[in-house]
Amino acid sequence: MVRTTAAGVACAGALAAVTAVPAQAQEPAQAHEPQRSAHWELKDTGSPAVRFRGLAAVDRDTAWLAGSAGTVLRTTDGGASWRNVSPPGAGELQFRDVEAFDARRAVVLAIGEGEASRVYRTEDGGATWTEAFRNTDPRAFYDCMAFFDRRHGLAMSDPVDGRFRILSTADGGRSWTVLPQDGMPDALAGEAGFAASGQCLVTAGSKDVWLATGGGARARVLHSADRGRTWTAADTPIPAGDPARGVFALAFRDRAHGLAVGGDYRPDQSSPSAAARTRDGGTTWRPAAAPVSAYRSGVAWLPHSRTAALAVGPTGTDLTTDGGRTWRTVDSGSYDTVDCTPDFGCWAAGEKGRAARLER
């Protein structure tokens, strides 16, 4: 499902070719996997004061960005130009997630305590917006949003009354309902989600959804196979035990195979063992033998590949070509989130107005 740094610093290096990794680290190559080197090409958004943590890639030409100061941008020409389509009166809001169905229809999530958490929807490319949800519970803080299809989607809040709260829509984001919490396991003390990239809640297929956590004694991933009605929790090997540590982003290429990245978002802290993988839908997680090199807030599978994925963060981009067993840094540019589409439209976005498209 479509989803989501210094401005003057050029993307250093190139994303290495899949064929460059040692043979013993690879799984059998797929017919459509990238075989040539690639690199991030920066696209001038004209918004150097905005940090874009929300990203929805529709295709190689079309992408939506959502960020600070209530900013929403859209491109339909591959990033050559960006149109500011921000909802009127949203300048005080922090948009952290955007889900786009095409070039005209999109849903954006603003985060924060109480009424700062809101959902807006557009059906005309951002020319007009409708406020679809405004949180009235001061205890709730919504972090992420994800859709199964064009109608069904969820948003998640940090725990309320000791359990994560789930918001559901069945009409493409036009209206939202809080789901009962009796199918949600108890949260750990201090456990929460991270609104860092719009990827703390992700879907695969028509009913499966995963929720990433941190801040508690253990970094966990919660899984639901019934669109958020009932959940099970699994521990990950990614370090936690601190409000700044845990799983920040998830990516599933199908119902079974998933990746988790995170670490400690504080720049003066190291992030060892900050990547994990699953082959059983999140029931168990294994640490990467060679994890991402630093804190990473976004992750995405490369199109038409069973083994290749990108992870991004403020200090660079890491690449895996063996399904998450090993990672290596391939770019030093700062990005917070990454998203890819079937036509090889991989996009990344981050601080100081940075946005880029993967070029091959």
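Residues are numbered from 1 along each chain as its sequence is written, and side-chain values use heavy atoms, with hydrogens and water left out. Because the model is predicted, local features need pLDDT of at least 70 and side-chain atom pairs count only at pLDDT 80 or more, while totals for chains, interfaces and linings use all residues.

Two strands count as paired if DSSP finds at least two bridges between them. Five antiparallel bridges link β2 to β3 (residues 63–67), and Ala56 sits opposite Trp64 in β3.

Next comes the largest nonpolar core, which has 30 residues. Such a core is a set of buried (under 20% relative accessible area, 1.4 Å probe, protein chains only) Ala, Val, Leu, Ile, Met, Phe, Trp, Tyr and Cys residues joined through side-chain atoms within 4.5 Å. Among the members touching the most others are Met156, Leu211 and Trp231. Strand β15 (208–212) is one of the elements giving two or more residues, and β15 gives the most, with four. Beyond its neighbours within four places in sequence, Trp231 is in contact (heavy atoms within 4.5 Å) with residues including Ile166, Pro185 and His223.

Finally, Arg325 lies in the loop between β24 (316–320) and β25 (328–331).

Notes:
Buried < 20%, exposed > 50% of the residue type's maximum accessible area, 1.4 Å probe, protein only.
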